[in-house]
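User: I have a structure open and would like to go through it. Can you help me read it?

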Amino acid sequence: METRKLQEVGGGTFTVSIPKEWATNHGLEVGMELRLYPHHDGSILVRSSDADVGQLDEATVGVNGDGPEAVRRTVRMAHAVGFETITLRPTGSFTDAERDAARSTVRDLVGTNILTESETEITIRHLLDTSQVSVCQSIAQLQFVAVSLLRDAIEAFVDADDDAYTRIRDRGDEARRSAEMITRHFSRSLVSHAELDCLDVSRPELFVYYATARRLETVVDRAVRIAHTAGKLPEPVPEPVAADVRSATDCVAHAVDDAVSAVLDDETTRVRHARDHSDDAIGQIDALDRELFRGAGVESVPAAVALSSTLAHLRRTANCGRTVADTAARDAIRAENLDI
């Protein structure tokens with residue numbers, strides 16, 4: 001690293017000298033036009049070319065084989081990377097099923113639409129203005145949906161309500177779209193400082209939000225799986241066991257809620273609460289597992305298998321709460337000791 005003093009050369013103009021060896025090594029010459037990009041975090045990016053500034057503007061991606069699934073996968077991957085415009089080109093021509101797959105996938109992405117479509121090319125455009133996006137608010141909404149879905153899924157499970165699965169799955173899909181949107185912004189920020197400016201967050205902050213969104217996406221996924229398991233129960237869970245499952249779920253929900261609140265509100269006391277709730281939940285889940293192993297609580301084999309699966313999902317969700325709490329704690333330590 002080189003350090004240089006800012007100097008005034010007259011006429012209200014400031015200048016910073018660049019070491020000649022450093023300039024030569026980077027292909028800089030006298031008279032070359034340089035581009036300066038100031039950012040909200042106080043940094044100034046100096047570029048000798050604007051070739052890579054718009055590298056996320058568009059991408060052309062080949063779709064080779066595997067039919068509709070390849071189209072879905074390609075669209076989601078290119079969107080997650082952060083390209084504004086995505087053009088899909090098959091080795092031959094698109095089948096009707098592949099075009100349908102592209103349309104349904106685009107409908108499933110936030111702020112995205114198909115611009116043009118033909119047998120040999122499909123062009124997709126992301127239309128959402130980044131400056132109108134609040135990542136913090138998106139996390140808060142995702143937090144609410146994830147916790148409420150977990151509680152609803154457990155109620156569906158103890159009541160053996162298989163009709164709830166479709167409703168919970170559909171709400172889970174909505175939550176997943178929010179998580180994918182945050183992933184997209186994080187991916188773009190790895191290349192573009194402008195993305196951070198539009199979102200009005202620092203890169204460390206955005207990383208914490210991204211990590212939190214991924215864990216909340218896992219919570220949603222586990223809730224959907226629990227709701228699906230409800231359909232495998234021959235009858236509602238006996239009330240004593242149901243009460244214990246609800247109690248463990250309450251601890252898990254509090255762990256997730258407190259951990260995410262610690263991230264959003266910088267409340268470090270919530271970190272300890274989240275860890276305590278997570279530990280309590282794991283303790284209760286382990287106790288239920290031991291009772292299940294001894295054959296207590298449920299009588300039929302299908303019910304025992306369904307309960308074991310649900311407890312595994314709850315344990316994973318409790319661990320998500322602890323992981324988010326640890327993320328909040330690391331962020332607090334960094335913020336207290338670094339000027340960011």
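**Overall fold and cores**

Analyst: Keep in mind that this is a predicted model. Among contacts in the protein with a separation of 6 or more, 69% are between residues 24 or more positions apart.

User: How many helices and strands does the protein have?

Analyst: The secondary structure comes to 10 helices and eight strands.

User: What radius of gyration does the protein have, and what would a compact globule have?

Analyst: The protein has 25 Å, whereas a compact globule of 340 residues would be near 20 Å. Along the principal axes, the C-alpha atoms fill a box of roughly 85 × 55 × 30 Å.

User: Ok, the inside. What share of the residues count as buried?

Analyst: Of the 340 residues, 41% count as buried. The largest nonpolar core has 70 residues, and Val135, Ile139, Phe157, Val245, Leu307 and Leu314 have the most contacts inside it.

User: Which elements give two or more residues to this core?

Analyst: They are helices H4 (135-158), H5 (164-189), H6 (193-199), H7 (203-230), H8 (239-265), H9 (269-293) and H10 (301-337). There is also a second, separate core of 17 residues, which includes Val75, Phe94, Ala101 and Val106.

User: Back to Val245. What does Val245 touch?

Analyst: Leaving aside residues up to four places away in sequence, Val245 touches Ile154, Val158, Leu288, Leu307 and Leu314.

User: Now the charges. How many positive and negative side chains are there?

Analyst: There are 38 positive and 57 negative side chains, and the centres of the two sets lie 3 Å apart.

User: And the surface?

Analyst: The accessible surface comes to about 18200 Å², and carbon and sulfur atoms account for 49% of that.

Definitions and conventions: Residues are numbered from 1 along each chain as its sequence is written. This is a predicted model: local features need pLDDT of at least 70, side-chain atom pairs count only at pLDDT 80 or more; totals for chains, interfaces and linings use all residues. Side-chain values use heavy atoms; hydrogens and water are left out. A nonpolar core is a set of buried Ala, Val, Leu, Ile, Met, Phe, Trp, Tyr and Cys residues joined through side-chain atoms within 4.5 Å. Buried means under 20% relative accessible area, exposed over 50%, partly exposed in between (1.4 Å probe, protein chains only). Helices (H or I, at least four residues) and strands (E, at least two) are DSSP runs, numbered from the N terminus. Contact means heavy atoms within 4.5 Å. The radius of gyration is taken over C-alpha atoms; the globule rule is 2.2 Å times the number of residues to the power 0.38. Accessible areas come from the Shrake-Rupley method with a 1.4 Å probe; for residues, only the protein chains shown count as cover. Lys and Arg count as positive and Asp and Glu as negative; His and the chain ends are not counted. The place of a charge is taken as NZ of Lys, CZ of Arg, CG of Asp or CD of Glu.
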